[in-house]
Amino acid sequence: MKLDKPGQGRLAFASQGHPPIAVAKIGVLIANLGTPDNTDYWSMRRYLSEFLSDKRVIDYPRWLWQPLLQLIILSKRPFSSGEAYKSIWNEKDNESPLLTTTRSQFRKLSLHFQKSKYNEKIVMDFCMRYGNPSTESAIKRLQSQGCERILFFPLYPQYAGPTSATANDQAFRVLMRMNWQPAFRTVPAYFDNPTYIKALATSIKEAYAEAKPKPEHLVVSYHGVPERYLLAGDPYHCQCQKTTRLLANELNWGKKYCTTTFQSKFGPEKWVGPSTVDYVAELARTGKKNIAVVAPAFSSDCVETLEEINQEIAESFSEAGGSSFLYIPCLNDRDDHIEAFVEIIEKELAGWI
């Protein structure tokens with residue numbers, strides 16, 4: 001059987017009076033957690049309802065959880081969460097810092113691939129698991145541009161069910177509703193990627209070089225999860241511990257100079273620890289008056305870093321007698337962070353490009 005030359009079948013199809021089909025391309029879709037559209041009550045309620053209704057995030061039975069969520073929690077929490085977002089909101093662009101930074105990461109990655117030998121082949125886009133731009137809208141945009149293959153990249157260095165898995169779940173749900181599905185790959189956790197670890201270490205070295213006084217201890221804070229997730233086999237806790245260990249090795253530091261902690265506890269059950277907010281207070285009480293905090297689980301600064309760490313956790317340290325609290329920003333759109341993303345993307349596209 002004689003096969004058409006690449007693209008010949010597409011041209012023939014178009015020449016027979018059918019709408020032209022775009023030349024096949026590869027989509028690369030980066031995804032982050034999400035953001036409310038604004039800080040008012042109803043914007044926050046929509047966002048929190050979507051987020052807290054996700055079974056990957058809160059896995060209690062719906063009959064128990066939904067009445068509690070809709071009738072009690074969402075009658076109050078949008079106000080307090082809205083105030084937290086207001087304190088960090090990007091007023092200039094009227095959006096959350098997470099959205100601002102993720103868009104900048106997307107633009108820098110797009111520029112890189114436009115200048116590369118793959119410029120005619122790769123199309124970049126970005127989405128959020130919760131809120132806008134939605135995963136569905138981004139996948140459909142890529143397909144409309146001729147992407148028959150899509151690499152989906154959740155921007156979480158460490159894998160966890162409530163982050164990486166739910167982002168993948170949402171993408172798969174979109175695919176389930178499509179008549180013509182693109183070929184699809186997901187990017188695994190990159191907590192031990194050497195370029196990512198080096199970028200983290202460089203950001204810490206730069207922050208320490210400018211700090212006056214020098215921090216006596218580095219708190220490496222990760223978003224927490226219930227302890228039963230660890231016991232059920234979720235690798236997140238172990239990957240966080242390894243990230244800190246690799247970071248300390250890159251910095252040539254011993255264990256006494258940095259500690260892994262966990263933040264953002266929600267609900268009554270036991271979470272992995274130690275708790276960041278309690279640990280920084282204990283450091284202050286035991287004589288460590290100058291500390292730094294870094295948050296390697298977040299690829300972009302967000303409410304958990306800019307408000308929770310830099311305000312609430314800093315306040316806990318100060319009230320316990322601490323003097324100097326240094327928050328080291330996430331890697332955000334730093335060039336060395338983008339370099340790590342490029343390396344990961346090109347590796348995961350093997351066989352496609």
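Partly exposed means a relative accessible area between the buried limit of under 20% and the exposed limit of over 50%. Arg228 has 32% relative accessibility, so Arg228 counts as partly exposed. The model is predicted.

**Salt bridges**

The whole structure holds 15 salt bridges. Three of them are tabulated here.

| Pair | N to O distance |
|---|---|
| Glu83 and Lys86 | 3.3 Å |
| Lys140 and Glu136 | 2.9 Å |
| Glu269 and Arg228 | 2.6 Å |

The pair Glu269 and Arg228 links distant parts of the chain, 41 residues apart. Glu269 sits in the loop between strand S6 (258-263) and helix H10 (276-285), and Arg228 in helix H8 (residues 227-231).

Glu83 and Lys86 are three residues apart in helix H3, so about one helical turn separates them. Glu83 is partly exposed at 48%. Lys86 is partly exposed at 43%.

Lys140 and Glu136 lie four residues apart in helix H5 (residues 135-144), again about one helical turn. Their relative accessibilities are 45% for Lys140 and 29% for Glu136.

Salt bridges also link Glu50, Asp54 and Arg129 in a network.

**Surface and interior**

Leu68, Leu71 and Ile72 make a nonpolar surface patch with about 290 Å² of accessible area together. Leu71 belongs to helix H3 (residues 62-86) and is exposed at 64%.

Gln239, in helix H9 (residues 236-251), is buried at 12%. Beyond its neighbours within four places in sequence, Gln239 contacts Pro157, Gln158, Tyr159, Ala189 and Phe191.

There is one cavity of 30 Å³ or more. The largest cavity has a volume of about 60 Å³. Its lining includes Tyr196, Phe298, Cys330 and His337.

Conventions:
Residues numbered from 1 in each chain as written. Predicted model: local features only at pLDDT ≥ 70, side-chain atom pairs only at ≥ 80, totals over all residues. Heavy atoms only, no water. Patch = residues over 30% accessible without salt bridge, like charges linked within 9 Å, V, L, I, M, F, W, Y side chains within 5 Å. Areas by Shrake-Rupley, 256 points an atom, 1.4 Å probe, with all protein chains shown as cover. Salt bridge = Lys/Arg side-chain N within 4 Å of Asp/Glu carboxyl O. Helix = DSSP H or I, 4+ residues; strand = E, 2+ residues; numbered from the N terminus. Buried < 20%, exposed > 50% of the residue type's maximum accessible area, 1.4 Å probe, protein only. Contact = heavy atoms within 4.5 Å. 1 Å grid on protein atoms, 1.4 Å probe; cavity = no way out; pocket = protein on both sides within 12 Å on 5 of 7 lines; lining within 4 Å. Points joined across faces, edges and corners; volume = space filled by probe spheres on them.
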